[in-house]
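Subject: Structure for your review

Hello,

Here is the structure I said I would pass on. My notes on it follow below.

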Amino acid sequence: MTSSARPLLNRRLAEFGTTIFAEMSALALRTGSINLGQGFPDTDGPEEIREAAVRALRDGRGNQYPPGPGIPEVRTAIAAHQQRRYGLSYDPDTEVLVTAGATEAIAAALLALVEPGDEVVAFEPYYDSYAACIAMAGGTRVPVTLRPHEGSFRLDLDELRAAVTDRTRLLLINTPHNPTGTVLTREELTTIAELAVERDLLVVTDEVYEHLVFDEAEHLPLATFPGMRDRTVSIGSAGKTFSFTGWKVGWATAAPGLIAAVRSAKQYLTYVSSGPFQYAVAEALALPDSYFASFREDMLAQRDLLTAGLEEAGFKVFRPAGTYFITTDIRPLGETDGFAFCRALPERAGVVAIPNAVFYDHREAGAPFVRFAFCKQLNVLDEAVARLKRLTS
């Protein structure tokens, strides 16, 4: 026990406590509620990919430390995926880095590329690790708020331009966007690319939901835009694409200098991880296009079921163009405080959701919004909808 009056937690992290996901998942367990809060599927991914992991374990592949950048097979598969899907050519040896999930890739990129005092522009609301990683890097986060507009959340390009100053080092972009479900358009991405080139900015793009875009939306990697390949770190995730979130296999692709920088930070975080699972992910990335189409179609059916059910239960729903999350407005239910609503919801209806305000610096901007995950089996979503309808019965 220390006798010092000095706080144990350093000031960079003092604002961050236990994540809302841990709090709400514990509440789901305690109350026996359906957990539509944390974003993980309730079914495993393809059986042949799970068997590939078992085969790697039994064959002794990856049971000891894998190479620091990732095994050659998965780096080659990542590069082939980027080429096949987007026409982006990356050298597996110098331009691909395997990480412990996308979260580590984000952390390593920010720790490597941001100096204390640098400004990092990110779209608010943002995934909660962004703020913590910027803080750990000693950077200053500058939020640009996505605002409700005609049934979705949109980026104000003038506000983005105004947010960039002489101290801005990096843009942290997330598309498809968690939690709003927004997918940035070609026009928006063109403006972001032009701004990055004009102001000589680095860009980190979180594209973990790249294969979950719906309706007329299209995922367009920022690295494909003029002037962006050599200044962009693109981040992907096997967990989101193949429904094996516990495997924690993510990656970053970028020009050699950027990857070398990110690797310098990453090697002092986990060093390596997920050895046998990397062999399985290498096989997963080579699955035919029919897998990715079927995956998207299944999620689309789940999205539509929960969207309709939430509307029937009295929520205003922002139909997502991507990800597996739906943002709702609780004001039609006579509620204004998302935190209070979500903490009471398990007892009221037996369902857990996440208050979007936790993803905002400006908490008041997110106060009436609540996020639900639809990456669950249809019968689970049906039961959740039936329970939520109790709110207005």
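In which loop does S274 lie? S274 is in the loop between α9 and α10 (275-285). Please keep in mind that this is a predicted model.

Backbone points

The phi angle of S274 is near 60°, a positive value in a residue other than glycine. S274 has a relative accessibility of 16%, and the limit for buried is under 20%, so S274 counts as buried.

K248 also has a positive phi, near 55°, and is likewise a residue other than glycine. K248 sits in the loop between α8 (238-242) and β10 (250-253). With 37% relative accessibility, K248 counts as partly exposed.

The loop between β7 (168-174) and α7 (186-198) contains P176, and P179 is found in the loop between β7 and α7 as well. The peptide bond joining T175 and P176 is cis, with omega about -10°. The bond from N178 to P179 is also cis, and its omega is near 20°.

In soluble globular proteins, nonpolar side chains tend to be buried together. In this model the largest nonpolar core has 104 residues, and F315, F372 and L388 have the most contacts inside it. Helix α4 (residues 101-113) gives the most to this core, namely eight residues. There is also a second, separate core of 28 residues, which includes L157, A193, F225 and F318.

Leaving out residues up to four places away in sequence, L388 touches L310, A313, F315, L345, A349, V351 and F372. Two of the names in that list, F315 and F372, are also among the residues with the most contacts in the largest core.

Helix pairs

Two packed helices are described by the angle between their axes and the distance between the axes.

α4 and α9: The angle is about 105° and the axes are 8 Å apart. Angles of 65 to 115 degrees count as roughly perpendicular, which is why α4 is described as roughly perpendicular to α9. On the α4 side the contact is made by E104, A108, A109, L111, A112 and L113, and on the α9 side by L258, A261, V262, A265 and K266. By class, this contact of α4 with α9 has nine nonpolar residues, no polar ones and two charged ones.

α11 and α14: Helix α11 (residues 289-312) packs with helix α14 (residues 378-388) at an angle of about 10°, and their axes are 9 Å apart. Because angles under 35 degrees count as roughly parallel, α11 is roughly parallel to α14. A301, Q302, L305, L306, G309 and L310 of α11 meet L378, L381, D382, V385 and L388 of α14. The residues of this contact divide into eight nonpolar, two polar and one charged.

α1 and α12: Helix α1 (residues 20-31) and helix α12 (residues 338-349) pack with their axes 9 Å apart, at an angle of about 20°. They are therefore roughly parallel to each other. The crossing of α1 past α12 is right-handed. From α1, the residues I20, E23, M24, L27, R30 and T31 meet F339, C342, R343, P346 and E347 from α12. Sorted by class, the contact of α1 with α12 has six nonpolar, one polar and four charged residues.

Two buried isoleucines

I259 belongs to helix α9 (residues 256-266). Its relative accessible area is 0%, so I259 is buried. Apart from neighbours within four places in sequence, I259 is in contact with T94, E95, V96, L97, A252, T253 and A254. From I259 to R343 the separation is 84 residues in sequence and 41 Å in space, C-alpha to C-alpha.

I192 is in helix α7. I192 also has a relative accessible area of 0% and is buried. Setting aside neighbours within four places in sequence, I192 is in contact with F123, L155, L160, L171, I173, L184 and L222. I192 and one of these, I173, are 19 residues apart in sequence, with 9.3 Å between their C-alpha atoms.

Regards

How values were computed. Residues are numbered from 1 along each chain as its sequence is written. This is a predicted model: local features need pLDDT of at least 70, side-chain atom pairs count only at pLDDT 80 or more; totals for chains, interfaces and linings use all residues. Side-chain values use heavy atoms; hydrogens and water are left out. A nonpolar core is a set of buried Ala, Val, Leu, Ile, Met, Phe, Trp, Tyr and Cys residues joined through side-chain atoms within 4.5 Å. Buried means under 20% relative accessible area, exposed over 50%, partly exposed in between (1.4 Å probe, protein chains only). Helices (H or I, at least four residues) and strands (E, at least two) are DSSP runs, numbered from the N terminus. Contact means heavy atoms within 4.5 Å. Axes are lines fitted to C-alpha atoms, for helices over the stretch in contact, and angles run from 0 to 180 degrees between N-to-C directions. Angles under 35 degrees count as roughly parallel, over 145 as roughly antiparallel, 65 to 115 as roughly perpendicular and the rest as oblique. A crossing is left-handed if the near helix is turned anticlockwise from the far one by less than a right angle, and right-handed if clockwise. Ala, Val, Leu, Ile, Met, Phe, Trp, Tyr, Cys and Pro count as nonpolar, Asp, Glu, Lys and Arg as charged, and the others, Gly among them, as polar.
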